[in-house]
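Please work through each task before reading its solution.

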Amino acid sequence: MNRKKDQILRTKFPERLCHWMIVLCFFLAATSGISWFLPTFAWLSGLLGTPQMARILHPFLGIAVFVGLCYMFVKFVKYNLPARTDAIWFRNIRGVLLNNHEQPLRIGKYNAGQKLLFWAIMASIIVLLVSGLIMWRAYFSEYFTIPVIRLAILVHSVAGIGLILLILGHIYLAIWVRGSVSGMVTGYVSKAWARQHHDRWADELDAKEAAPGRGKP
Ligand code: HEM
């Protein structure tokens, strides 16, 4: 197992690199999208050079986010499947939020909230991709009728705002759980962090250490 002293490898380098590439592309795609949605934020399209450049780059940035999320889906889906023990996390949500729960919550590599967020992100990006392709004037919109394009614009805007709100929640929680952001930067978390926030995952790692070669937790 990859461990430095009391540290545990939580996220491998290619997955971290992909995550932070997604963050950059998502930030630029989201800010350009907001710049067209709310006139007060029109200046945000300047982040991509000029409003014209933002118009050209926005769809490609969105596709880059989609491709990155496809990679993350393949790598992370096994940790985000529903488990019976997720119910314990939901039942103790108050204690989780107050960081004040007595019994073990049997949390695997990701908790039930993170799993919900994972699936919501994946669903949103598919809706954004399909609606975005339909309304993409340079390549595809000529194949669709005006009412279909109008519907696509509405769906794209709702899904875009929804995903931005989800990501703001994701950032807030990532900062709130101390050690989580540094885990996504360095790849490592402490054993104590793993036991405090993901007790079942910590048990699985201990079991694997005791009996190596039995598959990855
Ligand atoms: C500044 C912005 C962001 C920060 C600080 C951040 C932080 C993090 C952290 C710390 C984790 C690991 C959580 C853990 O180890 O328990 C994580 C996981 C993840 N992040 Fe982000 N993130 C950001 C933006 C995004 C964006 C824009 C997306 C996608 C559009 C995204 C998608 C994900 C996904 C899919 C995971 C894996 C979670 C799972 O498998 O359940 N993140 N993020």
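**Exercise 1.** State how many aromatic pairs the structure holds, and classify the pair of Phe60 and Trp136.

*Solution.* The predicted model holds 11 aromatic pairs. For Phe60 and Trp136, the distance is 5.1 Å centre to centre, and a pair requires centres within 6.5 Å. The angle between the planes is 80°; since angles over 60 degrees count as edge-to-face, Phe60 and Trp136 form an edge-to-face pair.

**Exercise 2.** Locate Phe60 and Trp136 in the chain.

*Solution.* Phe60 belongs to helix H2 (residues 51–76). Trp136 lies in the loop between helix H5 (112–134) and helix H6 (146–176). The two residues are 76 residues apart, and their pair therefore links distant parts of the chain.

**Exercise 3.** Decide why the pair of Trp136 and Tyr139 is edge-to-face, and name the cluster that contains these residues.

*Solution.* The ring centres of Trp136 and Tyr139 are 4.9 Å apart and their planes stand at 90°, so the pair is edge-to-face. Ring pairs join Trp136 and Tyr139 with Phe60 and Phe140 in a cluster.

**Exercise 4.** Determine whether Phe60, Trp136 and Tyr139 are buried or partly exposed.

*Solution.* Trp136 has a relative accessible area of 12%; buried means under 20%, so Trp136 is buried. Phe60, at 41%, is partly exposed. Tyr139, at 44%, is also partly exposed.

**Exercise 5.** Identify the rings over which Arg10 and Lys109 lie.

*Solution.* Arg10 places its charged end over the ring of Trp201, 4.8 Å from the ring centre. Lys109 is found over the face of Tyr79, 4.4 Å from the ring centre.

Terms used
Residues are numbered from 1 along each chain as its sequence is written. This is a predicted model: local features need pLDDT of at least 70, side-chain atom pairs count only at pLDDT 80 or more; totals for chains, interfaces and linings use all residues. Side-chain values use heavy atoms; hydrogens and water are left out. Rings of Phe, Tyr and Trp (its six-membered ring) pair if their centres lie within 6.5 Å; planes under 30 degrees apart count as stacked, over 60 as edge-to-face and the rest as tilted. Helices (H or I, at least four residues) and strands (E, at least two) are DSSP runs, numbered from the N terminus. Buried means under 20% relative accessible area, exposed over 50%, partly exposed in between (1.4 Å probe, protein chains only). A charge sits over a ring if NZ of Lys or CZ of Arg is within 6 Å of the ring centre and within 35 degrees of the ring normal.
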